[in-house]
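The numbered points below may be read alongside the sequence and the structure.

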Amino acid sequence: MSSMQSNSSANVSFVRPATFFIKGFVNIPLAKYYYVFLSLVYVVTVLGNSLIMCIIYLARRLHTAKYIAVFHLAFSDLCGSSALIPKLIDVFLFEHQDILYEACLANMFFVFHFMNLQSLTLLVLAYDRLVAICFPLRYHAIVTKPAMFLIIGVIWIFSVTCFSVLVNLVNRLSFCRSNVIDTYYCDFAPIYRLACNDNFVHIMMGKLIFGLLICIPPILIFISYFCIALALLKIAHGADRIKAMKTCTSHLILVAIFYLPILSNNIAALTTFFHPNARIINNSLTQTIPPMLNPIIYTLKSEEVMQSIKELYKRLSFKVSVFAYF
């Protein structure tokens, strides 16, 4: 579907396509309605995450280490959806299915990077809850704003490094057979499967990245909540125990809606046959629905956020009334 061009370095020739062709759905006549649905999901995602970031920025009571992490989660959700959905709409709704080789690699990097930031930020929030409940007297000494900025900086460096290496590995492949990507975006596995040279390193790297960034974080989160459960059992008063548990509910819901679909899809793909269209729907919903739901859950389930919204509304109403008076 596109001309192939050859690049060579160090006496090794790598054949690269000028463009990739993103295949998407096969034989679904009303597929465009699904992409319209995803565009509505994107609008809600942008509005919801922008709102939660504005609330955290404007409400002084939310200027804490925990809400730095919540702000970062909202930012990662917003950027992750922006890396995926607008391009997906452009490709399929407006039928621009050919994508430049370099643009495809950039799309792969940003989709993976921000999805990984979402995963690691959920792990950071689990650490916050672990310290808050297991070491309440030392919480404000351990989980400080500088410490949280440092943690977020470290996960950015880690994520950028990992996915820079991953994307650079694609440049070590030759694509001499086909340039058709059998999915809905520039995914790593469908691309390395198109290669006609040895891709063993890419297979191993893909498994390593999946294990490190998708499997290990939920395991660590489970361990942290196991420790939290042990700490809660030591609390004598039932009311105090329930109050401590309520501070974890919103985070547990976010963890469930993020990790369960990803892990379920990957386990199902290994054990049963998935029709390509079903796989596209499952994977795209897995990547787009959690960023839309996260700000809604944090708004409805967090008393601090709800209280901040009420205070901001009162402040805004007062300013409007004063302005109207004059």
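**Note on the predicted model**

1. The largest nonpolar core has 44 residues, and Phe20, Met108 and Ile191 have the most contacts inside it. Such a core is a set of buried Ala, Val, Leu, Ile, Met, Phe, Trp, Tyr and Cys residues joined through side-chain atoms within 4.5 Å; buried means under 20% relative accessible area, exposed over 50%, and partly exposed in between (1.4 Å probe, protein chains only). At least two residues of this core come from each of β3 (19-22), α1 (31-58), α2 (65-92), α3 (101-134), α5 (145-170), α6 (188-192) and α7 (200-233). Helices (H or I, at least four residues) and strands (E, at least two) are DSSP runs, numbered from the N terminus.

2. The model is predicted: local features need pLDDT of at least 70, side-chain atom pairs count only at pLDDT 80 or more, and totals for chains, interfaces and linings use all residues. Residues are numbered from 1 along each chain as its sequence is written, and side-chain values use heavy atoms, with hydrogens and water left out.

3. The mean pLDDT (the predictor's confidence in each residue, from 0 to 100) is 89, and 93% of the residues reach 70 or more. Over residues 1-11, however, the pLDDT is below 50; this stretch has 27 contacts in the model beyond near neighbours in sequence. Contact means heavy atoms within 4.5 Å.

4. Which residues does Met108 touch, leaving aside those up to four places away in sequence? They are Val167, Val170, Cys186, Asp187, Phe188 and Ile191.

5. Of the 34 residues of α3, 26 are buried, so this helix is largely enclosed by the rest of the structure. At 1.5 Å a residue (times one less than the number of residues), α3 should span 50 Å, and its end C-alpha atoms are 50 Å apart, which agrees.

6. The whole structure holds 16 aromatic pairs. Rings of Phe, Tyr and Trp (its six-membered ring) pair if their centres lie within 6.5 Å; planes under 30 degrees apart count as stacked, over 60 as edge-to-face and the rest as tilted. Tyr34 and Tyr35 are edge-to-face, at 6.0 Å centre to centre and 65° between the planes, and both are buried. The ring centres of Phe112 and Phe163 are 5.8 Å apart with planes at 55°, so this pair is tilted. It links helix α3, which holds Phe112, to helix α5, which holds Phe163, 51 residues apart.
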